[in-house]
Amino acid sequence: MESSRAARRRVRRSSRRPLTYTALACVAVVGIMAAGTVYVKAQAHSAGRSVSSAVTPSVSPPSATATEEAAVAEPVAKPVVDLDERLADAMASVGVTGEQKVSAAVLDLESGDSAVHGDGAFDTASIVKVDILAALLLRHQEAGTRLSAREKAYATTMIENSDNASASALWDAIGRAAGLDAANETFGLTGTAGGDGALWGLTLTTAADQLTLLQQVFGDDSKLSEASRSYLQGLMGRIEADQQWGVSAAADGSGWALKNGWLPRSTTGLWDVNSIGRVSVDGRAYLVAVLSNGNSTQAKGISLVEAAAKAAVSVFTAEDASAPASVSASANAASAAAR
């Protein structure tokens with residue numbers, strides 16, 4: 001028969017053994033989970049029965065995010081198209097002779113894409129009449145007033161018939177060069193300066209600035225009200241028959257509105273010939289500005305301007321023209337989600 005002391009030692013040894021095994025098992029589980037290669041799966045049994053833990057290898061299923069990312073196809077970016085370069089190539093086919101110089105700018109009203117060729121300053125001649133009327137309309141908007149009957153009469157003959165006396169009257173009404181320059185600062189023109197004194201025809205401008213002015217007349221994002229824009233557009237669409245040349249040559253029918261300018265320079269004997277406006281081709285609208293000087297005759301200047309207008313619009317209408325460069329915002333978002 002065992003002594004009571006021996007019995008107590010055996011009881012202590014047997015009671016320590018399960019605790020030792022449990023501690024070792026815990027260490028093993030912690031080590032396995034830290035390695036990240038397996039998972040421990042515990043199954044609880046009914047009351048009074050033991051809880052067993054089994055360590056089994058498991059492959060983590062792909063997350064929902066990973067599955068979604070895999071389903072998003074990486075967008076194919078369109079090649080970048082340099083529209084200024086394309087316009088330069090198109091203008092290379094325009095025959096420039098003698099002392100002629102020409103600059104052109106075009107904007108697709110639907111996409112907002114534009115191209116400019118040449119950055120020199122040119123005399124406006126009579127295309128400034130659009131700017132004069134835009135400045136007058138802006139003044140009335142700011143004052144909360146309307147054009148008077150006399151101003152309307154001047155505006156009609158100034159734009160539709162290119163009447164110089166009417167232009168001089170409205171030039172005075174806006175405060176001459178100072179008034180024109182103030183309005184142009186509001187419109188966003190940065191390379192245009194009003195002519196000295198009464199010489200509105202010698203206002204200097206660039207093709208890029210004329211494109212900006214056309215956006216004020218024909219675009220929705222304008223400092224001019226809708227009523228003012230519609231009024232100016234209507235006058236530019238009713239140019240008298242013998243002045244329906246220039247950028248209208250690029251239209252595919254009667255879908256145009258324009259203003260031309262021509263001026264023989266007494267100092268050189270050469271002609272300034274310009275044309276600005278909106279044309280429609282296959283139901284799509286384009287704003288076009290073409291400026292030229294150094295023309296030996298008005299007729300040669302008109303031919304140059306019309307050829308340049310056609311070349312400018314061809315940047316967007318040529319059969320091999322591709323959409324410009326940038327990947328759309330939605331494509332960029334999809335690309336970011338797939339990374």
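Guide: Two strands are said to pair if DSSP finds at least two bridges between them. Helices (H or I, at least four residues) and strands (E, at least two) are DSSP runs, numbered from the N terminus. The structure is a predicted model, in which local features need pLDDT of at least 70 and side-chain atom pairs count only at pLDDT 80 or more, while totals for chains, interfaces and linings use all residues. Residues are numbered from 1 along each chain as its sequence is written, and side-chain values use heavy atoms, with hydrogens and water left out.

Visitor: Which strands stand at the edges of the open sheet of five strands?

Guide: The pairing in this sheet is antiparallel, and the order of its strands is β4-β3-β9-β8-β7. A strand at the edge has a single partner, so one of its sides is left without a neighbour in the sheet. The strands at the edges are β4 (114-117) and β7 (256-264).

Visitor: By how many degrees are neighbouring strands of this sheet turned against each other on average?

Guide: Axes are lines fitted to C-alpha atoms, for helices over the stretch in contact, and angles run from 0 to 180 degrees between N-to-C directions. For this average the direction is ignored. Neighbouring strands are turned against each other by 5 degrees.

Visitor: Which strands does helix α3 touch where it packs on the sheet?

Guide: Contact means heavy atoms within 4.5 Å. Helix α3 comprises residues 83-91, and its direction makes about 50 degrees with that of β4. The strands touched by α3 are β3 (101-108) and β4.

Visitor: At what angle does helix α10 run to β9?

Guide: Helix α10 is formed by residues 298-317. It lies across β3, β4, β7, β8 and β9. Its angle to β9 is about 145 degrees.

Visitor: How many bridges join β8 and β9?

Guide: Strand β8 covers residues 271-281 and strand β9 covers residues 284-295, in an antiparallel pairing. Within it, Trp271 stands opposite Asn295, and Val281 has Arg284 as its bridge partner. The number of bridges between β8 and β9 is ten.

Visitor: Is Asp282 buried or exposed?

Guide: Asp282 belongs to the loop between β8 and β9, a hairpin with two residues between the strands. Although it is not a glycine, its phi is positive, about 55 degrees. Its relative accessibility is 71%, so Asp282 counts as exposed.

Visitor: Is Ser162 buried or exposed?

Guide: Ser162 is placed in the loop between α5 and α6 (164-173). Its phi is near 55 degrees, a positive value in a residue other than glycine. With a relative accessibility of 9%, Ser162 counts as buried.

Visitor: What distance separates the C-alpha atoms of Leu147 and Leu136?

Guide: Leu147 sits in the loop between α4 and α5 (149-160) and is buried, at 14% relative accessible area. Residues up to four places away in sequence not counted, Leu147 touches Leu136, Leu137, His140, Lys152 and Tyr231. Leu147 and Leu136 are eleven residues apart along the chain, and their C-alpha atoms are separated by 8.4 Å.

How values were computed: Buried < 20%, exposed > 50% of the residue type's maximum accessible area, 1.4 Å probe, protein only.
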